[in-house]
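Please keep the sequence and the 3D view at hand while reading.

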Amino acid sequence: MIARQGAVLLGRRTYDEWSRYWPTSDEQPFADFINAVPKYVVTSTPLAGGWTNAQSVSGPLAEVVSDVKARAGADVGVHASITLAKSLLAEGLVDEVCLAVGRVLDPVGPRLFEELPARRELALVEAASTPSGSLWLRYRLSGRWSTS
């Protein structure tokens, strides 16, 4: 999944947490990926710290996504930034959804799909299990938002 990504969009809270952790992490292969990839942080305030290849972006989300996609020349990923991901989904700015389904059910925490405008059908592109028992699922969004 990360090999297809030429850029990453992050929300501000994720950037603040990750910029303190990933630059010194040796958790591979994600550490090498996230430290090297261009990171665009959706925020209206200046970024603290000096995480390599990170810059702030602001404005209407459709314009931000269009600009980042043009710069990336490949897929644009959104990692851990649930508020941003929910906004992108609600505005119809997502082509694919890649989900990591873990082995633990947790009733606490935000829900990715709770604010969708309506139902939307997904087409399964890829599914793979991991040695730990988790699943990686890749879906393409198909059709339009539907209330039925």
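A pocket is an open set of grid points, on a 1 Å grid over the protein atoms alone, with protein on both sides within 12 Å along at least five of seven lines, and its volume is the space filled by probe spheres set on the points. The model is predicted.

**The second largest pocket**

- Lining this pocket are G11, R12, R13, T14, E17, W18, V42, A80, S81, I82, T83 and L84, and the elements that give two or more residues to this lining are α1 (12-21) and α4.
- The largest share of the lining, five residues, comes from α1.
- By residue type, the lining of the second largest pocket divides into five nonpolar, four polar and three charged residues.

**The largest pocket**

- The lining of the largest pocket divides into 32 nonpolar, seven polar and ten charged residues.

- Strands of a sheet pair through backbone hydrogen bonds, either parallel or antiparallel.
- In this model, an open sheet of four strands has the order β3-β2-β1-β4, with parallel pairing, and the edge strands, each of which pairs on one side only, are β3 (54-57) and β4.
- Neighbouring strands of this sheet are turned against each other by 30° on average, with direction ignored.
- The parallel strands β1 and β4 are joined by four bridges, and L9 stands opposite V78 in β4.

**Helices on the sheet**

- The helix α1 packs on the sheet, where α1 touches β1, β2 (39-42) and β3, and the direction of α1 makes about 105° with that of β1.
- The helix α4 also packs on the sheet, where α4 touches β1, β2 and β4, and the direction of α4 makes about 110° with that of β1.

Conventions:
Residues numbered from 1 in each chain as written. Predicted model: local features only at pLDDT ≥ 70, side-chain atom pairs only at ≥ 80, totals over all residues. Heavy atoms only, no water. Nonpolar A, V, L, I, M, F, W, Y, C, P; charged D, E, K, R; others polar. 1 Å grid on protein atoms, 1.4 Å probe; cavity = no way out; pocket = protein on both sides within 12 Å on 5 of 7 lines; lining within 4 Å. Pairing = 2+ DSSP bridges. Axes fitted to C-alpha atoms, helices over the stretch in contact; angles between N-to-C directions. Contact = heavy atoms within 4.5 Å.
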